[in-house]
Amino acid sequence: VAHAKSELNTRAPSGRKATGILVAVASPKNSRRKVSQKIDSVLRKTVKSVIREKAPSFVRAAPATGMPSNAQLKKSGLAGYSVEPKVSKLKLKRQGRRVIVSCEVRVRVSPWTRAGTNLEMNKTATVTGSGSVTSANSKRAISNSSEACVEAVVIQVTSNQVVPFLIAKAK
């Protein structure tokens with residue numbers, strides 16, 4: 001049995017001292033398989049990218065190392081949060097030679113505990129955003145438009161609501 005000891009790096013990727021928040025972006029849990037793995041990937045990468053851009057002083061948990069223990073978080077002075085994006089709706093409405101792709105994205109932000117996320121009043125937030133894209137009526141155009149819809153909505157939601165929520169929790 002191998003034993004490993006992990007140290008918590010309290011430096012943000014920017015090299016600056018962290019602001020007190022460690023963020024882990026969870027893999028999307030889209031229960032309906034209407035959503036492709038590619039859209040799931042776009043969702044997760046986009047959330048990570050927006051957080052990196054808008055809050056460069058946040059520490060991001062690496063998937064390989066996972067989230068630290070509660071003791072490690074406490075020792076480092078960081079609060080851990082899990083950000084869980086999800087496509088909650090993806091609909092197509094055909095109108096002649098065009099298709100309207102409508103999407104709804106939900107992002108939940110929860111305090112981290114070693115057992116997973118812990119839903120705490122006034123500390124957990126769920127944000128929903130929606131959008132639509134008009135597309136040509138081909139399989140490839142619909143696929144690209146679906147990805148574009150999800151990406152645009154998750155950028156908006158993460159930039160305007162998720163990051164400000166986390167910044168407020170860091171204070």
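Start by selecting Ser82, which sits in strand 3 (residues 79–95); strands here are DSSP E runs of at least two residues, helices are H or I runs of at least four, and both are numbered from the N terminus. A quick note: this is a predicted model, where local features need pLDDT of at least 70, side-chain atom pairs count only at pLDDT 80 or more, and totals for chains, interfaces and linings use all residues. Residues are numbered from 1 along each chain as its sequence is written, and side-chain values use heavy atoms, with hydrogens and water left out.

Ser82 is buried at 4% relative accessibility (buried is under 20% relative accessible area, exposed over 50%, partly exposed in between, with a 1.4 Å probe and protein chains only). Its side chain makes a polar contact with the side chain of Glu84 at 3.4 Å; such a contact is a pair of N or O atoms within 3.5 Å, where within protein one must be able to donate a hydrogen and the other to accept it, and residues adjacent in sequence count only if both atoms are side-chain atoms.

Arg108 is in strand 4 (residues 98–113) and Glu84 in strand 3, 24 residues apart.

Next, pick Glu147 and Lys38, another salt bridge at 3.7 Å, N to O. Glu147 lies in helix 3 (residues 139–170) and Lys38 in helix 1, so the pair ties together parts 109 residues apart in sequence.

Methods
A salt bridge is a side-chain nitrogen of Lys or Arg within 4 Å of a carboxyl oxygen of Asp or Glu.
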